[in-house]
Amino acid sequence: ATLDTLAELAFEARDSTAVNSVQQLACRFAEQVDQYGPQALAVFCALGRAGGSRAFRKLPEDGLLGLVPAVGEQAGLLSVSIGNSVSGSTSGAVLSPPAAKLRRERIEAGIAHEASCSDVARFYCALSQLGYRDEVLRAALSRHLTDHMSGLDPMVLAPLSRALGAGAGRGPAQLACEDFVLLHALSRRAAETMEQLDGSSAVSLLQAFGRHDLYDEEFLDGVSRHLRDSASSLRASQLGDAMYAFGQLQVREASQLDALCDALRLKVHESSEADLVRFMRGLVKLRHCNEELLAACEPVIETSKFSFSCASLTNLINCFAFFKETKEEFFKSLLHAATSRTSRLTTMSIQHVLTAICRQQGRINRDEVQRHLERICVHLAAPGVSSQLTPIQAVASLTALSKLQHQDKTAAAVLTSVLAARGANVAWTWAPSVFFFAHGKRAHLQSAGSALDETKCLKLLERELESSHCVDVLQSLHRLDLQSTLVSRLTLLLCKKL
């Protein structure tokens, strides 16, 4: 109970004293773990919730390695010691194949068959919260949970889905094989017990499956009915999470989406900027327009636009630009709010603004967006921006400028240099026309183009860009009529990749 109170202080109030208290309690727990008996697991899990990866930071380097098996034994989850069974293995240790096989067999044999599946799940969640990266132990726990899924308490499904991949240092699409099998077992169990789940748990599960791209039709049918019935009781943040997850999984059932839109419309004044961004991005992914929701959001966003972060504001601009129902005056107002603080825009925000203007092309007077384009292009050429641009952002920005037929040589120099793998050393020189090279007048251009490292550039194109991106770049260079030694050589490399 004390730890749960400290958790609220540590994470909600950002109280450093609370974090220090959690760490002191963690040290005391580690010293006396043998005295806790079956309650060791409850305290261990509470420490994970309260302090996360910081909870045991004051222990010696190998302190957590010895504590984890001790907690498992006290809770009756592990029947034999697995701590330093082979070479004192830790998360970063590399074992020989025989040693790794022996350790894996020892760990799997050590998981008690009579252990409660729900307790094993809580133990797994605590390890993820603490950032414990012993992949052999985690894999063994995953297999045990998969084999005993029928005994898992439905209320543990949501926290377990959030824990998958969280402590193993993997990205959303890089689940270990055992964890992905467990995720699929969770979807089957959730489909069977959907009536026992509350709205918050259903949203958490939907998020996890969307994050890891797991499409289970039976689960989606069940969760759609569940959320349609409970949408009015969900918080604005949960509605945003649900819509974004539906967008990731491409669930396009109109009645379901409209139910979430209607629920958010009634709570739009309670929504944070992050809630609005996630919900609107979900709608864009699904190509679903709810005019009543758009109308309800406009006055709320209009009032708070200057207090929104640049990232949130530009995300919303890009989303609203997608819908033709967006009012012209509202869009121009958001655009002014974003470009009035151009110097604070990130490279992703620049891409969002340019894409938004491109989407609104034909619906808004060109003269009214010209000054916004000029501000964005000036910022693109500012010192340090080119080194932060990613190739994908450069492709999207260059494509938007070309579709708008806005030829700004300084911005184009930055974007083409990034695509040529020399973003930190922009080639600013341009030829007046394609015929310039036919007459041999390129001596002063040679230095700019000769600095192109073709091997490095080809590696970047192969690693970062798909064929469709290469075609977009070639079309953009043609539309903007860009001529230089660097562009000519970049064009040849793009054609070579294709």
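Modeller: Arg 228 has a relative accessibility of 30%, so Arg 228 counts as partly exposed. Keep in mind that this is a predicted model.

Colleague: Which residue does the side chain of Arg 228 meet in a salt bridge?

Modeller: The N to O distance in this pair is 2.7 Å. Arg 228 sits in helix α11 and its partner in the loop between α12 (236–249) and α13 (254–266), so the pair ties together parts 25 residues apart in sequence.

Colleague: Is Asp 216 buried or exposed?

Modeller: Asp 216 forms a salt bridge with Arg 188, with the closest N and O atoms 2.9 Å apart. Arg 188 belongs to helix α9 (residues 177–192) and Asp 216 to the loop between α10 (199–211) and α11 (217–230), so this contact joins parts 28 residues apart in sequence. Arg 188 is partly exposed because its relative accessibility is 32%. For Asp 216 the relative accessibility is 6%, and the cut-off for buried is under 20%, so Asp 216 counts as buried.

Colleague: How far apart are the closest N and O atoms of Lys 332 and Glu 328?

Modeller: Both residues lie in helix α17 (residues 328–339), four residues apart, which is about one turn of the helix. Lys 332 counts as buried because its relative accessibility is 18%, whereas Glu 328, at 32%, counts as partly exposed. The two form a salt bridge, and the distance is 3.5 Å.

Colleague: How many salt bridges does the count come to?

Modeller: Side chains of opposite charge can pair when their charged atoms come close. The pair Arg 188 and Asp 216 is one of those found here. The count comes to 17.

Colleague: What is the volume of the largest pocket?

Modeller: The lining has 21 residues, and Asn 318, Gln 351, His 352, Thr 355 and Arg 359 lie nearest the centre. Elements giving two or more residues to the lining include α16 (310–322) and α18 (347–359). By class, the lining has eight nonpolar, seven polar and six charged residues. The volume of this pocket is about 510 Å³.

Terms used
Residues numbered from 1 in each chain as written. Predicted model: local features only at pLDDT ≥ 70, side-chain atom pairs only at ≥ 80, totals over all residues. Heavy atoms only, no water. 1 Å grid on protein atoms, 1.4 Å probe; cavity = no way out; pocket = protein on both sides within 12 Å on 5 of 7 lines; lining within 4 Å. Points joined across faces, edges and corners; volume = space filled by probe spheres on them. Nonpolar A, V, L, I, M, F, W, Y, C, P; charged D, E, K, R; others polar. Salt bridge = Lys/Arg side-chain N within 4 Å of Asp/Glu carboxyl O. Buried < 20%, exposed > 50% of the residue type's maximum accessible area, 1.4 Å probe, protein only.
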